[in-house]
2 protein chains.
Amino acid sequence: MKVTELVQAKARAARGAAAVLALTPTRVRNEAIAQMARALEEKTEGLLEVNRADLERARAAGHPRAFLDRLTLTETRVAGMAAGLREVAALPDPVGTVAETWCRPNGLEISRVRVPLGVIGFIYESRPNVTADAAGLCVKSGNAVILRGGSEAIESNTMIAAVLAKALQKAGAPADAIQFVETTDREAVAAMLGMSELIDLVIPRGGEAFVRWVSERSRVPVLKHDRGVVHVFVDASANQAMASAIVVNAKAQRPSVCNALETLLVDAAVAREFLPAVGARLAEAGVEVRGCPRTRALLPAATPAAERDWDEEYLDLVLAVRVVDGLDEAIAHIRRHGTGLAEAIVTNDLAAARRFTREVDAAAVLVNASTRLVDGNQFGMGAEMGISTSRVHARGPVGVQALTTTKFVVTGDGQLRD
Amino acid sequence: MKVTELVQAKARAARGAAAVLALTPTRVRNEAIAQMARALEEKTEGLLEVNRADLERARAAGHPRAFLDRLTLTETRVAGMAAGLREVAALPDPVGTVAETWCRPNGLEISRVRVPLGVIGFIYESRPNVTADAAGLCVKSGNAVILRGGSEAIESNTMIAAVLAKALQKAGAPADAIQFVETTDREAVAAMLGMSELIDLVIPRGGEAFVRWVSERSRVPVLKHDRGVVHVFVDASANQAMASAIVVNAKAQRPSVCNALETLLVDAAVAREFLPAVGARLAEAGVEVRGCPRTRALLPAATPAAERDWDEEYLDLVLAVRVVDGLDEAIAHIRRHGTGLAEAIVTNDLAAARRFTREVDAAAVLVNASTRLVDGNQFGMGAEMGISTSRVHARGPVGVQALTTTKFVVTGDGQLRD
């Protein structure tokens, strides 16, 4: 069978299952996710075995240690996947909730009710736990999902998806609601992107070039996840101990992810006091600083920042630092260089906080908190499908609510149009 | 200047204006819309004059009378446009409203706040009043708009847009927030569809083929407005007088629009009583009935319905009628032939109403009300940009709220990620 036909068969099966799943009661979907968790635990041994095959191939292919680590399944990690699924099962059901409701002068009652989107196409990188998270969020929200995981984890992901799909049936939910595309070439992705009749939303997760490739050719609506050039602005009124802690946490707690800090902006009024203090803590954490001239005057160990550093997503222990003349210059810098993912201010000045949250346009704007907190789990939304930097449909961490659409339910007693 | 460059210049101007408009207070945007209304009234004479030029061209081109009527501006219609704008100004401001808010165990406060989408590309047919409606809704929601109206109304629309843009300035809002593309060839539309960096959402209004053409080539997200094969199901328990009134209103009040009824489904249990009664009223209203065999047994004047009649969007005084064996068959028919715009049941049976609203998947599902009420104005949302049959972003009548996105505003006192 050709790749396109194969993907189409899966998409058709998903479409059929979606129609059934959309009408299953909350109880059945929650029980299905509980069965998925149980099934993963029961199959731990088999999962670790196929995972070893993925790992051997990846090692032979010369992937770096950090990559191999993300790919590795252990008993603890499988247990973690199961626990994640149980957390999703425990979330409130978004399906059937009423987003708003009002009454018209003629007595017509209008409600906007959440319903599942339908079929989600999820294209992601290699971490096997993502497979379970995504399947759990989709089933929870009454959607079927077509999973297409990275080639390096193909054996682990194929087995995880098969185990999860089988578990659905035990709870009386359609197994076809979880589809996995084993073909790892791009043709399979290209086929998915053309199926606007069968797939309602595509969520690509991966590098910048890949996400752009998907966005440019998709006829299915895409929820994008762009680069994160993330800023923290330390205002003149900031509690400096708090600011230091936030900067170090945002930069160094896990530098390889999109919500990690990339550029620190410091108000000139406090730079002389703040920069040496935070500089010492950053050095301790192994962070290389690339500074503007005013930064380097205060942190002589910093290397000079080039113009392109302000647009760099390092995803590494490197931090660009710039001294700015107050809030206006900070906002202007962020407007020019930010990518709209997450931006933070550290301040004790209420007017500055209000201006920053209003004037900075990003999926998440933070006051006195680490940008690393911009995450579905940290926001209390359960796992996440990703963090959307799209403006339409959903922006920020994508949880179960973002996987729904709404329908208007209109009730009357014979109302007509004049 | 080439068409693409021309459109790009307008899109850039709109992008700049959008950034300014997004931060203007509610008061300024409302005042701007009031100025727009006043300016239209003041320029009535000039508008009627350029409209006469459009009308002469349309008459010479042999357009039918209904088309010419839609194209015509009169003093009353210009006053109606101004009144429509004042209604939009009086709506609550969606910008800055909090969609939801919650607090995390670590004290982090999370709000989802509505902000403007940015730049809207609106591509529409010929009625000049649509220009004012769309501009009003976009300004109200803090968005810039690039208008591209149908060629037949080009002179009227060009002047309306110019008058509206100039009025913005009087209120201290950026005139560039209303852009009008005078080039009527498709190249201008194609150019808009490629500008994903400058335009955030495209809303096409027009025939089925045109909307498909837009959807297939757009790299900007599209809010679609598909065909409306709209059903009314008359359940066995229906109040038959109410059912007749709803059927006649839904079909004949204005048959040329998407929310008009196309197929009537009648429960066999009441067909013998109901069909002759409604048939007489439909005949009075000049409606041609195309019926299934069971319908024709009761309405001998009906012509036989062919299989393709169940998928027909007549947009005319023609109605397909089918007798079905109860709710299940009605829902199955709608699932197979419905286009997801508006579907109605007339019933006095609560269980039937609940099943219908839950199981029928459409932008709007109605109980005991005419499908003609599925409309932004009738819903109390002010004017509308159209009725979306897309599943992502917004579904159903598109008012000011659908022209916003949200951002997460996160406030803490030093929270970090562990």
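I call a residue buried if 20 or more other C-beta atoms lie within 10 Å of its own, exposed if 12 or fewer, and partly exposed in between, with C-beta atoms placed from the backbone. Helices (H or I, at least four residues) and strands (E, at least two) are DSSP runs, numbered from the N terminus.

**Ground rules**

I am working on a predicted model, where local features need pLDDT of at least 70, side-chain atom pairs count only at pLDDT 80 or more, and totals for chains, interfaces and linings use all residues. Residues are numbered from 1 along each chain as its sequence is written, while chains are lettered from A and ligands numbered from 1 in the order in which they are written.

**Entry 1: strand 4 of chain B**

I began with strand 4 of chain B, residues 144–148. I found this strand mostly covered, with five of its five residues buried. I then checked which way they point. B:Ala144, B:Ile146 and B:Arg148 face one way, B:Val145 and B:Leu147 the other, and all are buried.

Next I looked up a partner. Strand 3 of chain B (residues 119–123) pairs with strand 4 of chain B in the parallel sense, over five bridges. I count two strands as paired if DSSP finds at least two bridges between them. Within this pair, B:Phe122 has B:Leu147 as its bridge partner.

**Entry 2: how the two chains relate**

**Entry 3: the contact between the chains**

I noted 54 residues from chain B and 54 residues from chain A in the contact. On the side of chain B that touches chain A, the elements giving two or more residues are strand 2, helix 10 (240–252), helix 14 (350–359), strand 13 (364–369) and strand 16 of chain B. Strand 16 of chain B gives the most, with eleven residues. I sorted this side of chain B by type: 25 nonpolar, 16 polar and 13 charged. For that sorting, Ala, Val, Leu, Ile, Met, Phe, Trp, Tyr, Cys and Pro count as nonpolar, Asp, Glu, Lys and Arg as charged, and the others, Gly among them, as polar.

I followed an open sheet of ten strands in the order 10(A)-9(A)-11(A)-8(A)-7(A)-12(A)-13(A)-16(B)-2(B)-1(B), with mixed pairing. Strand 10 (303–304) of chain A and strand 1 (98–103) of chain B stand at the edges, each with a single partner strand, so one side of each is left without a neighbour in the sheet.

Where chain A meets chain B, five bridges join strand 13 of chain A (residues 364–369) to strand 16 of chain B, and the two run parallel. A:Ala369 stands opposite B:Gln415 there. Strand 16 of chain B (residues 404–415) also pairs with strand 2 of chain B (residues 109–116), antiparallel, over eight bridges. In that pairing I saw B:Val115 opposite B:Thr405.

I checked A:Asn368, which sits in strand 13 of chain A. Its phi is near 55°, a positive value in a residue other than glycine. A:Asn368 is buried, with 23 other C-beta atoms within 10 Å. I then turned to B:Asn368, in strand 13 of chain B. Phi of B:Asn368 is near 55°.

**Entry 4: B:Val321**

Is B:Val321 buried or exposed? It is buried, with 27 other C-beta atoms within 10 Å. I placed B:Val321 in strand 11 of chain B (residues 318–324). Leaving aside neighbours within four places in sequence, its contacts include B:Leu264, B:Val289 and B:Cys292.

**Entry 5: domains of chain A**

I read off domain 1 (3–223 + 398–410) and domain 2 (230–373) for chain A; such bounds come from an automatic or database domain assignment. Their centres, taken over C-alpha atoms, are 35 Å apart.

Conventions:
Contact = placed C-beta atoms within 7 Å.
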